[in-house]
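Please look over the sequence and the model below before reading on. The note that follows is a set of numbered points.

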Amino acid sequence: MLAEDLAAFVGALRRIETSGARRTGRGVPLADRDAPARERYRVAAGIDAATWARGRGWALSVALIQLPYYRTTNPPLAVNSRHVIRTVLGEIAT
């Protein structure tokens with residue numbers, strides 16, 4: 001990923017998280033929201049589909065690396081990794 005793409009992606013995620021925090025009083029990770037809510041955030045943040053796909057790919061790659069490494073040493077992180085993998089693959093399949 002180019003530095004410019006990463007900077008744009010991180011900035012967009014910050015806008016999304018800030019927006020969610022204002023409405024709910026706390027930040028809610030995007031992976032914990034349902035697919036329609038994630039799509040509304042993507043559109044509201046002005047993130048194009050290609051950038052969103054790259055972000056999903058990044059999240060999937062991190063989760064796939066974390067899962068076997070932390071399976072026994074950090075079970076909560078392994079649970080989160082499984083959740084991210086299921087969420088991303090579920091979005092790609094639809």
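1. Which residues make up the largest nonpolar core? The largest nonpolar core has seven residues: Leu-60, Ala-63, Leu-67, Ala-78, Val-84, Ile-85 and Val-88. A nonpolar core here is a set of buried Ala, Val, Leu, Ile, Met, Phe, Trp, Tyr and Cys residues joined through side-chain atoms within 4.5 Å. Buried stands for under 20% relative accessible area, exposed for over 50%, and partly exposed for what lies in between, with a 1.4 Å probe and protein chains only. Two or more residues of this core come from each of H3 and H4, and H4 gives the most, with four residues.

2. Some words on the source. The model is predicted, so local features need pLDDT of at least 70 and side-chain atom pairs count only at pLDDT 80 or more, while totals for chains, interfaces and linings use all residues. Residues are numbered from 1 along each chain as its sequence is written, and side-chain values use heavy atoms, with hydrogens and water left out.

3. The overall make-up. The protein has four helices and zero strands, and from the N terminus on its elements run α-α-α-α. Helices (H or I, at least four residues) and strands (E, at least two) are DSSP runs, numbered from the N terminus. Of the 94 residues, 28% count as buried.

4. Surface and contacts. The protein exposes about 6200 Å², and carbon and sulfur atoms supply 62% of that area. Accessible areas come from the Shrake-Rupley method with a 1.4 Å probe, and for residues only the protein chains shown count as cover. Contact means heavy atoms within 4.5 Å. Among contacts between residues at least 6 apart in sequence, 43% join residues at least 24 apart.

5. Which residues does Ile-85 touch, leaving aside its neighbours within four places in sequence? Ile-85 is in contact with Leu-60, Ala-63, Leu-64 and Leu-67.

6. Salt bridges. How many are there? The count comes to three, where a salt bridge is a side-chain nitrogen of Lys or Arg within 4 Å of a carboxyl oxygen of Asp or Glu. Arg-38 forms one of them with Glu-91, and the closest N and O atoms are 2.3 Å apart. Arg-38 lies in helix H2 (residues 35-44) and Glu-91 in helix H4, so this pair ties together parts that are 53 residues apart in sequence. Both Arg-38 and Glu-91 are buried.

7. A second bridge of Glu-91. The side chains of Glu-91 and Arg-56 also meet in a salt bridge, at 3.2 Å from N to O. Glu-91 lies in helix H4 and Arg-56 in helix H3, so the pair ties together parts that are 35 residues apart in sequence. Glu-91 has a relative accessible area of 16% and therefore counts as buried. Arg-56, at 24%, is partly exposed.

8. Glu-39 forms a salt bridge with Arg-42, the closest N and O atoms being 2.8 Å apart. Both residues lie in helix H2, three residues apart, which is about one turn of the helix. Is Arg-42 buried or exposed? Arg-42 is buried because its relative accessible area is 15%, whereas Glu-39 is partly exposed at 36%.

9. Aromatic rings. A pair of aromatic rings is described by the distance of the centres and the angle of the planes. Rings of Phe, Tyr and Trp (its six-membered ring) pair if their centres lie within 6.5 Å; planes under 30 degrees apart count as stacked, over 60 as edge-to-face and the rest as tilted. The count comes to one aromatic pair. The rings of Tyr-69 and Tyr-70 have their centres 4.8 Å apart and their planes at 80°, so the pair is edge-to-face. Tyr-69 is exposed, at 60% relative accessibility, and Tyr-70 is partly exposed, at 27%.

10. Thr-87 is in helix H4 (residues 75-93) and is buried, with a relative accessible area of 16%. Gly-57 is in helix H3 (residues 49-70) and is partly exposed, at 36% relative accessibility. Gly-57 and Leu-89 are 32 residues apart in sequence and 9.8 Å apart in space, C-alpha to C-alpha.
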